[in-house]
Amino acid sequence: MSPSLPNLETFPPLRDWQRKALVKYLRRRSPDFMAVATPGAGKTTFALRIAAELLNDGTVEAVTVVCPTEHLKTQWASAAARVGIQLDASFRNSDVHSSRDFHGAVLTYAQVGMAPAVHRRRTMTRPTMVILDEIHHAGDSRSWGDGVKNAFDEAERRLMLTGTPFRSDDNPIPFVEYERGQDGLQRSRSDSIYGYSDALSDGVVRPVIFLAYSGETRWRTSAGDELAARLGEPMTKDLIAQAWRTALDHRGDWMPQVLRAADARLSRIRSHGMTDAGGLIIASDQQTARAYAKLIGEISGEPAVVVLSDDNGSSSRIAEFALSEQRWMVAVRMVSEGVDIPRLAVGVYATSASTPLYFAQAIGRFVRARRTGETATVFVPSVPHLLGLASEMEAQRDHILGAPKEKDGLDDDLLERAQRAEDAEGELEKRFEALSATAELDQVIYDGTSFGTGARTGTPEEEEYLGLPGLLSPDQVTTLLSKRQSDQIAAQKRAAALAPDPVPAQREPVVPMSAGERRAALRRQLNTLVAAHHHRTNLPHGKIHAELRRLCGGPPSAQATIEQLEERIATVQTL
């Protein structure tokens, strides 16, 4: 006996973007539609509403959902059941046909790639709507892309969803339309776009505050040479990668100091309105994940939940954590995409993965809003590449075919293998030996703007930022960060004024500043001038920084060069 049709009257109210996209979809009635919406915006609800409409009007008789992981299969089936659509999350390729007890099935891209003929037959048996969740995964491998194309090119309707930036590569994604730009490159075309900045303005997602930590690092190369560098200073890409991995080593002081700060931030959020707030540490591999879990357990006094691989046990641990009030979860890749744990409010980005796609997926775990005023805080290494991604969260990136590829030296390919295989855990360690690392709060990034003048861990200056209230509107976040920065600069000026004048005969020779110190000093000077301009004009800090970028060019101040910072300082003095 077939299940009853879903009742449209029982669906939850749609958000504005969902309603507009639904109207556009129903008017077009074309086979393919692609919706791009930021994590937490409600892509699942939107897709299920379309499925319900098509089932009820007889356009389709079956629904197939394709998603990246086994855990998401269960999540999709549960969400569908709540609105009266019954999907089989346990369907296996060997089953060949779907049971008539269900409206359809939920599959993974890997599952489709292994047996596209099975799913082609299923699709042709009944008029079917296919929902391709996180459609960029269909471009992960030729077998996955070919499998999706072969299995579903006869589907009555196809709805493509994505909430993260596309990559630039040469693998066309099935059913995605491309348009050639003036530069000759082909870019994906979306039918509905709802970005992070739009969702933040609508109160659909939380504001994300990034706390970037630098510090001194020291390591030994495979050739036996000992090197030292300050995390965040201008360096070659290879040195940045080595300093970054040294900081993330659990045997140094950097990770314990950052984890201690993150746990203090979590306690502050819990004590000020978000009592069930949880934290997530994203690790590079299984070995370090276990080590981080031990560290955060010792710091917080409560064992952390550890999620290491994509299996049934991990799925149940994620589900239990989502419904509990446990403080911390440590994961490698299970929660990097699509997994819904709305109470996550504090994150530690403790991985060297550096692609915009991976970073956006990870940060997407913290933006899901439940009520007005909730904020999220993510701790990141002070690496220019990451700071740039943090400063440009609102950027939309289409899938680009044939774009030139740059090797960033940050081991994304190696880390991907390490995340997928237990025997890859030692690959990173073979290339260098971490000796020591210490942490220091470098800056705070919010809404593309850098705040703060730096602070050592465990000091009152750091506590000023760790102690921000947990319930704030986006405007309140900007106002409070601006005040913290102004107070910090004023305190430094008072300390300098009270310091005794040095005796000329005893003055030490002037030591030239390193590039990192000079850059930090210029950034402080720029922030001071921007704050002064804000007080004169009442313009938001973010708009002033944006205007300086428009006039002078270049990236956000978090990753600007010394020359770019000097040019902006000269420009803001003329405004």
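The model is predicted.

Which residues of α1 are buried? They are W17, Q18, A21, L22 and Y25. These residues cover an arc of only 130 degrees around the axis, so they lie on the same side of α1. An α-helix has 3.6 residues a turn, so residues three or four places apart point the same way.

The face of α1 turned away from the buried side carries K20 and R27, which are exposed. The buried residues of α1 have a cover that includes two strands from the list below, β1 and β6, together with α2 and β10.

| Element covering α1 | Residues |
|---|---|
| β1 | 32-37 |
| α2 | 43-56 |
| β6 | 157-162 |
| β10 | 192-194 |

After α1 comes R29. The phi of R29 is positive, near 55 degrees.

Now to a second pair of helices. Two packed helices are described by the angle between their axes and the distance between the axes. Helix α9 (residues 254-271) packs against helix α10 (residues 286-300) at an angle of about 50 degrees, and their axes are 10 Å apart. That angle makes α9 oblique to α10. The crossing of α9 past α10 is right-handed. Which residues make the contact? From α9 come M255, P256, L259, R260 and D263. From α10 come Y292, L295, I296, I299 and S300.

Terms used
Residues numbered from 1 in each chain as written. Predicted model: local features only at pLDDT ≥ 70, side-chain atom pairs only at ≥ 80, totals over all residues. Heavy atoms only, no water. Buried < 20%, exposed > 50% of the residue type's maximum accessible area, 1.4 Å probe, protein only. Helix = DSSP H or I, 4+ residues; strand = E, 2+ residues; numbered from the N terminus. Arc of directions from axis to C-beta. Contact = heavy atoms within 4.5 Å. Axes fitted to C-alpha atoms, helices over the stretch in contact; angles between N-to-C directions. Parallel < 35°, antiparallel > 145°, perpendicular 65-115°, else oblique. Left-handed = near helix turned anticlockwise from the far one by under 90°.
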